[in-house]
Amino acid sequence: MFQQIAADEPPPEGCSAFVVIHEKHTCKTNEIKKLLKKATKRPRPYLFKVDHKFPTLKEDGPVVILYAEMGTKDFVKFHKILSEKAQKEEIVYVLRHYVQKPSSRKMYLSGYGVELAIKSTEYKAVDDTQVKGTNDTKEEEDDDDEESDVQGFLFGKLKRMHPDLKNNLKEFKKHLIETTNNMEPLKVWELQDLSFQAAARIMSTPVYDALKVMKDIAQNFPIRARSLTRVLVDKKMRNEIEENQKHFHETLGIQPGEARLFLNGLHIDLDFHDPFSILETFKLEGKVMHGLHELGIKEEILSKFMRLHVHPTDDNYALDVRHSSIIWVNNIEQDYRYSTWPASYQELLKPTFPGVIQQIRRNLYNLVLFVDPVQEDTGDYMKLAELFYHHNVPLRIGFVFILSTKEEIDGNEDAGIALWRTFNYIADESDTSQAFTSIINMYHEVKDGNVLTVNDVKDVLRSEYPDADVQSILGVHSEYDEGRKAGATFYKKTGLGPLPQALFNGVPFNRGEMDAAELETVILQRIIDATGFFQRAVFMGLLNDHINAMDFLMDQHNVVSRINPTILRAERRYIHFRSTSVPFDVEDFSTFSFLDSQDKSAVISDNMKYLTKKDEDALYAVTVWIIADFDKPAGRRLLSNALKHLKTSSHTRFGILNNPSSKIKEDNTAIARGILTAFLTQNNTNLKNILSKLSKEETAKSLAAGTKIAKFLIPGMDDNTFEKKYNTLGVDIIKTHQMFCQEVLKLLPGQMAVMSNGRVLGPLDENEFYAEDFNLLEKITYSTSAEKIKAIVKEMGNSSKSGSDLIMKIDALLSSLPKTEMRQDAELLKEQHSVVKVDPQQNEPFYDVIAIVDPLTREAQKMSHLLIVLKDIINMKLRLFLNCRSKLSEVPLKSFYRFVLEPELTYGINKHLPSEPLAKFLELPESPLLTLNMITPESWLVEAVNSSCDLDNIHLQDIKGTVTAEYELEYMLLEGHCFDVTAGQPPRGLQFTLGTKNNPVMVDTIVMANLGYFQLKANPGAWTLRLRKGRSEEIYQVFS
């Protein structure tokens, strides 16, 4: 990939290494300084996820990309200069591997299947019992083939026992192979139990050979079928297979003959996954298993943690809109205008035309608008609400007006206040519906591009209520001012972003959807989408006529009391802990500085002291670390907000880390040292009280003025212990904290953050995190993962401190991994007669693999080889159930098969260079007509570049010597789908081009009109996908 990117730069002539600094190139180190001077004025380069970035805290500096081959002199020369600059935070240093003169030698690939299919006409018609010989390639057998069973004879052993009879044994083996390779079709009665007979053959061999036997039978079935017909089937095995099949059908819906592969409960679909994606899955699973093992989790408990679902099921969080500050314009369940609508939820299940919104007398669809009455675009949202209201769309509409919170304010000067007081007056005189209509009339008075004025309000009020005393309604001491501040208070509490804001059933619209011109379409689409959700709930019995619609909506798992994007966003960053066998002291700064990131995290967590709500020993599911400079007002406010939350929390414990913004000295860390001393010396009750006092501004001012900290100690505290520790604490512990914040948490000095069970939220702005945010963070962490982890840790019987630490570390590990599909419990009823069992090594974490397969299927051809490879490279507990089909009526397999995948590099004759991966077909019958097929990963486009015969019609009888074929991976296919967002249909005639910066059109394609599918040929690298210049570019633009 990097080679292709480098070629597109392009590299300066004759340079083995070069740097690119914002579109400027050089291969001279002395020009770097000059190019950096005006770098920020030039366009910033795009960086990829796979780029190798030098560790740095600042990401906003000029980007220097080095293209070089590691290990060369030029690389060393550039790296020394660039790494020094990166350490000084002067640049962002990126390395891309580049070879000036790459080798022309092509690399041989593995991870694909090769099939020799027997053409059906030949398979039925040809009888090769008289074939005198087989393909010459059988003489190339290796030692493994010598050990294989040929009609009960192990010729490898016989040759070692009787070396003088080597030639005779060779001839005898040849004779047996020829008779074995009988391709005469089997009778129907011989086929019926063939699958069970194959299973019996596999189960009769020792465990270490069972997989090899299955592979041999499945991959060479046409020449093994005749020998299988003579195998007797044990009745116990048949009964056990049928019992297990019944169990799998009831629990997982698996039919006899179907194949499944489960890794730690994850279903690995062999039709969808190739060896490379399976390897990625194993890497992720291995990361979790080894992490849990390092934390002391073993066997069954480890398996329980692996099966936990710890990721949020829905990223669309909803705000609880059951709040008194929301003014509801209508109520579909109670208003007279909706009285003729049916009230039963069952109406949702009645068939309707697509796109039709069913009118049911329930508050199923709720729209809440947060608006400032005097903003320019507020009128557009008001008119949109009017449109829905007057067209009887089953949408409940509510408003939250964000107004001035001054104690005394004159409605004759502020249009928002005037609107509010007029609304209350009309609602009292008539009703809320009439008041809403009057507000709409006010906005109809406003001309485009203008904002609402007091005169617009007065004009409508006078025209509709000529007898009203306008001055008393709008004046400073108006009796219609009640609840004015509630909207602003509620808006602040919700944490929503800039006004205006709209919520549908509590879920906020993003900024792109808030375009007033598009919002009508978006809301109607949300209603249609929500209808499907309600239909499922009614069908499943979760929603019945006795349940209030709003309560049902607001009791969903994704409903929260506050929307804070920092907490709720999908991208999450975690730090990793692991057990450290060496007990480090957190005050030993010199030793701490030499530890790696995970050891630093382990030392900090092991030495952390915590504040809890009560003194009792208990398991705490949520561990929150507060990171700030507590000698600054913002840091103390963050601590104060955490203390407020602690009064109502029952699941959280708090620890603190100090991240000073200036050089660490004793005189500028008085508060921080006081807080740390309190944590180290005081019990929980006294700790809460002293922290409350130290977080106040007047305390900080007094300490800065020279007052001794002893003046602020709380009655009941052990004063002597506190003062002694405070005076001897020093600043090394604060230096340790600062180093941890910078090197592990990637925070700049003085930046604030909050960490919940290893998840880092930050850096935070001042006044970004309130007590309500701590409450939200606790709820999200506890309900998503911590509650489930706590239940298992509780079973283990850990003490309060170590158990709470364990919950934090396990949560950080499990939650940091990508979201996977639900794990399934594929348990076997019986394992004695129908299951091949491979046990793992003891005292090591192992992968739990359950394979279900019929030995005479296409899936068995691939799975048998894959399991053999996995057995060699990982510690695996394997349970292979032979899911046989009974009463076969036709031959189950009509091909020979090889899967090219090796557990490790194998070396050729010279023992220096690894031998190329390839597929070998030995001992083939010569008479059938064969066709060679490559079964590659879906995105590979391969073609034959060298062959010794027609690969579609291979007739070995007519060929002398070995048949060889060489294929080449020509392209990687880039596939995708697209549709027209306005019509929802595939775009007819749309064309895409694929290219690079210097060559924009290298490949092109047209989108299929029926499915919107497109396909482009590419190779590893960085490419730009564009609409073709012309009509495609004129009509369409790429939306996402």
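This is a predicted model: local features need pLDDT of at least 70, side-chain atom pairs count only at pLDDT 80 or more; totals for chains, interfaces and linings use all residues.
Trainee: What do the side chains of R562 and D773 meet in?

Mentor: Side chains of opposite charge can pair when their charged atoms come close. The rule for a salt bridge is a side-chain nitrogen of Lys or Arg within 4 Å of a carboxyl oxygen of Asp or Glu. R562 and D773 meet in one, at 2.5 Å from N to O. R562 sits in the loop between β17 (559-560) and α23 (565-568) and D773 in helix α32 (residues 771-796), so this pair ties together parts that are 211 residues apart in sequence. Those element names come from DSSP runs numbered from the N terminus, with helices being H or I of at least four residues and strands being E of at least two.

Trainee: How many salt bridges does the count come to?

Mentor: The count comes to 37 by this rule. One of them joins E280 and K283, whose closest N and O atoms are 3.7 Å apart. Both of these residues lie in helix α13, three residues apart, about one turn of the helix. E280 counts as partly exposed because its relative accessibility is 45%, and K283 counts as exposed at 52%.

Trainee: Which residue does R1031 meet in a salt bridge?

Mentor: R1031 meets E1034, at 3.4 Å from N to O. The two are three residues apart in helix α35 (residues 1031-1035), so about one helical turn separates them. R1031 is exposed at 60% relative accessibility, and E1034 is exposed with a relative accessible area of 58%.

Trainee: Which residues of helix α11 are buried?

Mentor: F221, P222, I223, R224, A225, R226, S227 and L228. That makes eight of the eight residues of α11 (residues 221-228), so the helix is largely enclosed by the rest of the structure. In helix α25 (residues 597-607), the buried residues are D599, K600, S601, A602, V603, I604 and S605.

Trainee: What do the buried residues of α25 pack against?

Mentor: For packing we look at contacts, meaning heavy atoms within 4.5 Å. The buried residues of α25 pack against α24 (589-592), β19 (622-628), β20 (652-658), α31 (732-743) and α33 (800-815). T993, found in strand β31 (residues 991-995), counts as buried because its relative accessibility is 3%. Leaving aside residues up to four places away in sequence, T993 touches P1000, V1001, V1003, D1004, T1024, L1025, R1026, L1027 and R1028.

Trainee: Which residues gather in a patch of negative charge on the surface?

Mentor: Patches use residues with over 30% relative accessible area and no salt bridge, joining like charges within 9 Å and nonpolar side chains (Val, Leu, Ile, Met, Phe, Trp, Tyr) within 5 Å. Lys and Arg count as positive, Asp and Glu as negative, and His and the chain ends are not counted; a charge is placed at NZ of Lys, CZ of Arg, CG of Asp or CD of Glu. The negative patch here holds D269, D271, E821 and E859. Of these, D271 lies in the loop between β10 (266-267) and α13 (275-294), and D271 is exposed because its relative accessible area is 67%.

Trainee: Which residues form a nonpolar patch?

Mentor: L349, F539, M540 and L542, with about 480 Å² of accessible area together. Such areas come from the Shrake-Rupley method with a 1.4 Å probe, and for residues only the protein chains shown count as cover. L349 lies in the loop between β12 (327-328) and β13 (366-371) and is partly exposed at 39% relative accessibility.

Trainee: How many helices and strands does the protein chain have?

Mentor: It comes to 35 helices and 34 strands. Of its 1040 residues, 48% count as buried.

Note on methods:
Residues are numbered from 1 along each chain as its sequence is written. Side-chain values use heavy atoms; hydrogens and water are left out. Buried means under 20% relative accessible area, exposed over 50%, partly exposed in between (1.4 Å probe, protein chains only).
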